[in-house]
Amino acid sequence: PEDAHILHPFIETAMEQFLTGEDNSVCSPINIYFALAMLAETSTGNSRQQILDALGHSSIESLRTQANQLWRAHYCSDGQTDSLFANSVWLDEQYSFQQNTLSTLGQDHYASVFTGDLGAEEMNKQLAAWLDSQTGNLLSEYTKQIRMDPSTVFALASTAYFCAGWTDDFNESYTQEQVFHAKDRDVITDFMNQTWMEQTYYWGENFSAVQLNLTGNHQM
């Protein structure tokens with residue numbers, strides 16, 4: 001996307017922290033950006049300043065505007081591509097909260113607000129159900145394990161869901177069994193094979209990659 005360069009400073013400084021170790025990990029920088037933008041709204045003083053510095057903004061107003069613009073620019077559901085985001089705030093019913101902050105989270109960050117006995121099983125199930133509904137149930141294996149500590153005063157949740165088709169579908173007859181080198185063992189599995197006369201090939205330390213086109217002018 002044309003405005004993707006806005007995230008480059010954050011990606012360059014943060015991804016090394018998120019993608020460490022030997023696990024096969026997936027990370028959505030824009031989703032983390034939205035979550036940190038919400039966290040900045042609920043912080044003050046040095047905590048807020050550290051978040052602003054990490055995201056490359058001089059003021060909360062600048063971050064608020066940029067996060068809103070990124071959301072509207074990348075949110076899409078047009079029948080070919082789903083690029084969907086969702087934010088939520090979970091508040092413990094024993095406490096009162098600043099309505100101005102909640103209004104800002106709702107208006108500028110599109111956050112839904114939920115109130116109840118945080119840490120209770122009912123609220124844990126409600127949080128898991130909300131996460132599942134926003135991510136097409138793709139993370140249900142993990143969301144069913146989510147538990148909020150009974151001492152939790154408030155919690156923030158942010159999701160990203162992306163679904164698109166290939167511009168050029170794979171020919172099913174080209175599928176062949178090959179060895180996939182997983183972290184703990186080698187696995188025999190199906191590989192989708194395709195040949196190009198020309199293609200950009202990326203080769204880095206411990207990885208190699210090519211780029212495939214998706215509907216909606218996206219790439220993987």
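**Buried polar residues, helix packing and backbone angles**

Reply: Asn87 counts as buried because its relative accessibility is 2%, where buried means under 20% relative accessible area, exposed over 50% and partly exposed in between, with a 1.4 Å probe and protein chains only. This is a predicted model, in which local features need pLDDT of at least 70 and side-chain atom pairs count only at pLDDT 80 or more, while totals for chains, interfaces and linings use all residues. Residues are numbered from 1 along each chain as its sequence is written, and side-chain values use heavy atoms, with hydrogens and water left out.

Me: Where is Asn87 placed, and which side chain does the side chain of Asn87 join in a polar contact?

Reply: A polar contact is a pair of N or O atoms within 3.5 Å; within protein, one must be able to donate a hydrogen and the other to accept it, and residues adjacent in sequence count only if both atoms are side-chain atoms. Asn87 belongs to strand β2 (residues 81-92); helices (H or I, at least four residues) and strands (E, at least two) are DSSP runs, numbered from the N terminus. Its side chain makes a polar contact of 2.7 Å with that of Ser158. Contact in general means heavy atoms within 4.5 Å. Neighbours within four places in sequence aside, the residues in contact with Asn87 include Phe34, Trp71, Tyr110, Trp130 and Ser158.

Me: Is Asn124 buried or exposed, and which backbone atoms does its side chain approach?

Reply: Asn124 is counted as buried because its relative accessibility is 2%. This residue lies in helix α6 (residues 121-134). A polar atom of its side chain is 3.4 Å from the backbone oxygen of Gly119, and the side chain also reaches the backbone nitrogen of Met148 at 2.9 Å. Beyond its neighbours within four places in sequence, Asn124 touches Gly119, Ile146, Arg147 and Met148.

Me: How should I read the packing of two helices?

Reply: Two packed helices are described by the angle between their axes and the distance between the axes. Axes are lines fitted to C-alpha atoms, for helices over the stretch in contact, and angles run from 0 to 180 degrees between N-to-C directions. Here α2 and α4 pack at about 145 degrees, and their axes are 10 Å apart. Among the residues making the contact are Tyr33 and Phe34 of α2, together with Leu63 and Trp71 of α4.

Me: Which residues have the most contacts inside the largest nonpolar core?

Reply: A nonpolar core is a set of buried Ala, Val, Leu, Ile, Met, Phe, Trp, Tyr and Cys residues joined through side-chain atoms within 4.5 Å. The largest has 19 residues, and Phe10, Tyr33, Phe34, Leu55 and Leu63 have the most contacts inside it. At least two residues come from each of α1 (8-18), α2 (29-41), α3 (45-55) and α4 (60-74). The greatest share is that of α2, with 6 residues.

Me: What is the phi value of Tyr110, and what is that of Asn217?

Reply: Most residues other than glycine have a negative phi, and most peptide bonds are trans. Tyr110 has a positive phi, near 55 degrees, and sits in the loop between α5 (99-109) and β3 (111-116). Its relative accessible area of 34% makes Tyr110 partly exposed. For Asn217, phi is positive too, near 65 degrees; this residue is in the loop between β9 (213-214) and β10 (218-219). Asn217 counts as exposed because its relative accessibility is 68%.
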